[in-house]
Amino acid sequence: GTRQTGFSGISGSRWRDGRPEGMRERRKMMERGIWLLRHGDIVRGGQRRFVGQRDLPLSGVGHRQYARLAEVMAEKLAKTPPKAFFCSDLSRGIECADMLRRAFRPAGGKMPVIADRGLREISLGAWEGLTKEEVEKRYPGALDERMADLAGYAPAGGESFEMVQRRAIMALARFRMNYPDGILVVVGHAGLNRAILADYMALPLRDVLRIPQEYACSVFLENR
């Protein structure tokens with residue numbers, strides 16, 4: 001299942017030795033899950049344009065967001081430090097993962113940051129760098145077609161949400177195979193993270209854009 005930061009609940013737990021049995025079980029799960037984060041705010045320029053896999057850097061706001069988030073994560077996971085930090089091979093992901101790693105003083109220097117293409121943002125192909133108006137002008141009706149079939153529609157040269165979900169889940173399985181125990185931290189992107197969360201919540205991909213993904217947000221995924 002998924003757990004938003006700060007959530008805790010032991011409803012329905014049985015008590016044993018003065019402590020809720022469900023709490024012990026949850027604590028064990030919390031020691032083997034995945035923290036899924038989104039990168040910080042990026043430099044976009046003036047008009048809003050489709051980003052996709054364009055390698056845009058963090059903005060000053062993004063750096064400040066991750067400086068705060070890194071300290072929060074280091075404090076939260078002080079007793080169960082991550083085994084590794086994973087991110088896409090886009091610079092904004094690598095920079096955020098490295099900021100997280102360095103916050104785990106002094107152990108951070110021994111924690112690997114692993115960049116993996118499987119964690120790249122959804123590719124929007126020919127739409128990348130264009131505004132919505134420019135996409136509509138060059139590819140009339142394409143935006144409506146995508147919204148009508150978020151799961152299966154792929155822009156020219158790009159990916160559908162089904163495609164990005166498949167490669168993202170395969171990447172997570174690969175990471176867990178290499179690190180079977182402990183906490184993993186994954187820095188992803190809005191579209192990629194939504195695809196992962198839709199899979200964890202058994203949510204149809206037609207509803208994928210309803211999943212919130214603010215810059216520098218974090219969600220805990222319990223092992224399945």
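I take partly exposed to mean a relative accessible area between the buried limit, under 20%, and the exposed limit, over 50%. The model I consulted is predicted.

**Entry 1: D98 in helix 3.** I found a salt bridge from D98 to R101, with a closest N to O distance of 2.7 Å. D98 also forms a salt bridge with R102, at 3.0 Å. R101 is three residues from D98 in helix 3, so about one helical turn separates them. I recorded R101 as buried, at 16%, D98 as partly exposed, at 24%, and R102 as partly exposed, at 47%. In total, the structure holds eight salt bridges.

**Entry 2: R194.** I located R194 in helix 7, residues 190–200. R194 is buried yet has no salt bridge; E121, the nearest side chain of opposite charge, is 6.5 Å away. Beyond its neighbours within four places in sequence, R194 contacts V208, L209, I211 and Q213.

**Entry 3: helices 6 and 7.** I read an angle of about 75° and an axis separation of 9 Å for this packed pair. The two helices are therefore roughly perpendicular. Contact residues include F161 and L172 of helix 6, and G191 and Y200 of helix 7. I noted their division into 10 nonpolar, two polar and two charged residues for the whole contact.

Notes. Residues are numbered from 1 along each chain as its sequence is written. This is a predicted model: local features need pLDDT of at least 70, side-chain atom pairs count only at pLDDT 80 or more; totals for chains, interfaces and linings use all residues. Side-chain values use heavy atoms; hydrogens and water are left out. Helices (H or I, at least four residues) and strands (E, at least two) are DSSP runs, numbered from the N terminus. Buried means under 20% relative accessible area, exposed over 50%, partly exposed in between (1.4 Å probe, protein chains only). Lys and Arg count as positive and Asp and Glu as negative; His and the chain ends are not counted. A salt bridge is a side-chain nitrogen of Lys or Arg within 4 Å of a carboxyl oxygen of Asp or Glu. Contact means heavy atoms within 4.5 Å. Axes are lines fitted to C-alpha atoms, for helices over the stretch in contact, and angles run from 0 to 180 degrees between N-to-C directions. Angles under 35 degrees count as roughly parallel, over 145 as roughly antiparallel, 65 to 115 as roughly perpendicular and the rest as oblique. Ala, Val, Leu, Ile, Met, Phe, Trp, Tyr, Cys and Pro count as nonpolar, Asp, Glu, Lys and Arg as charged, and the others, Gly among them, as polar.
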